[in-house]
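Please read the briefing below alongside the sequence and the coordinates, which are shown first.

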Amino acid sequence: MKMESNKPAAVPPPHGYAGPGYPGPGYPGPQPPYGYPQYGPGPGFQGAPGGPGQPPYNFQGYPAAYGAAPLQGQPNAPGGAIWMPAPPPPPNCPPGLEYLTQIDQILIHQQIELLEVITGFETANKYEIKNALGQRVYFAAEENDCCTLNCCGPSRPFTMKIFDNLGQPVIELIRPLKCSSCCFPCCLQELEVYAPPGTPVGYVKQLWDPCLPKFAIQNEAREDIFKVIGPCIVCSCCEDINFEVKSTDEKSTVGRISKQWTGFVREAFTDADNFGIQFPLDLEVKMKAVMLGACFLIDFMFFEHSQNRQQRAGVW
């Protein structure tokens, strides 16, 4: 006597099914592995870098990919940095500065250059610019030649490009070659701020003072808006160094630029510094960009090491 099987009868495959060997009719084909950026097609789209059939990621010091990009794992961004989501641009805001409308604090972290640490050979500076949550807002990279870097030291002229998360330059800082001593009040330090590059939005101008580091924050018409005043001795151990941002009459404080203490080893053997900038949330976005430029000028003037590993301790 035969036992009847309880297994259901085999169902024939539906029309169009090609069996286990995908892809079949109507199936879009092999998909890129998980983790590759899924860029939306657009003009000039050539595929995601690092994807199948595409060149590998090109890790450089700053983002260089244009087009839609994810907030994390950005191609060409070191370490898979998390970028700040782009807010909607407000009216009359220079393109790329809409990020600054949402924040009242900026953190600036200078990258450590291994070649510079080992050999003492000066290299171009690079900085990560983040918000208070640690999300990257911009990336700054100095553009300079080898001769200027190593012959002029901290007094060198430079062009600093600041890029957004799409790799587009949104701010350009230009420091012309000036005298680095306050003994010559007719030739003090100055920084030009452009946003976008080619459109001036303000200037940072050193003011002559026999005791204190002083700077004027100016608008595009070279009118004084704020003053930045530092301590008499620009040197300390185990604590931050604060440059106060004050009104033009120096009676009220509206912000602060702080050189943050990063530890003995980093302070002694590198010139990679960390800074913090505080300003009112409703401050005009152009003045926020100029204050960002003032921070870079202060870094080069007082915290960049010279060839003998010394740095300035004051206006002299």
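In which sense do strand 1 and strand 12 pair, and over how many bridges? Strand 1 (residues 105-110) and strand 12 (residues 274-278) pair in the antiparallel sense over five bridges, where pairing requires that DSSP finds at least two bridges between two strands. This is a predicted model, in which local features need pLDDT of at least 70, side-chain atom pairs count only at pLDDT 80 or more, and totals for chains, interfaces and linings use all residues. Residues are numbered from 1 along each chain as its sequence is written, and side-chain values use heavy atoms, with hydrogens and water left out.

**Strands**
- The bridge partner of His 109 in strand 12 is Asn 274, strands being DSSP runs of E with at least two residues, numbered from the N terminus, and helices runs of H or I with at least four.
- Strand 1 is also joined to strand 2 (residues 126-130) by four bridges, and these two strands run antiparallel, with Ile 108 standing opposite Ile 129 of strand 2.

**Asp 299**
- Asp 299 lies in helix 4 (residues 285-303) and is buried, with a relative accessible area of 1% (buried means under 20%, exposed over 50%, partly exposed in between, for a 1.4 Å probe and protein chains only).
- Leaving aside neighbours within four places in sequence, Asp 299 is in contact (heavy atoms within 4.5 Å) with Gln 110, Tyr 127, Asp 273, Phe 275 and Glu 304.
- Asp 299 and Phe 275 are 24 residues apart in sequence, and their C-alpha atoms are 8.6 Å apart in space.

**Cysteines**
- A search of the whole structure finds zero disulfides, a disulfide being a pair of cysteine sulfur atoms within 2.5 Å.
- Cys 147 is in no disulfide, and the nearest cysteine sulfur, that of Cys 151, is 3.8 Å away.
- Cys 151 is exposed, with a relative accessible area of 61%.
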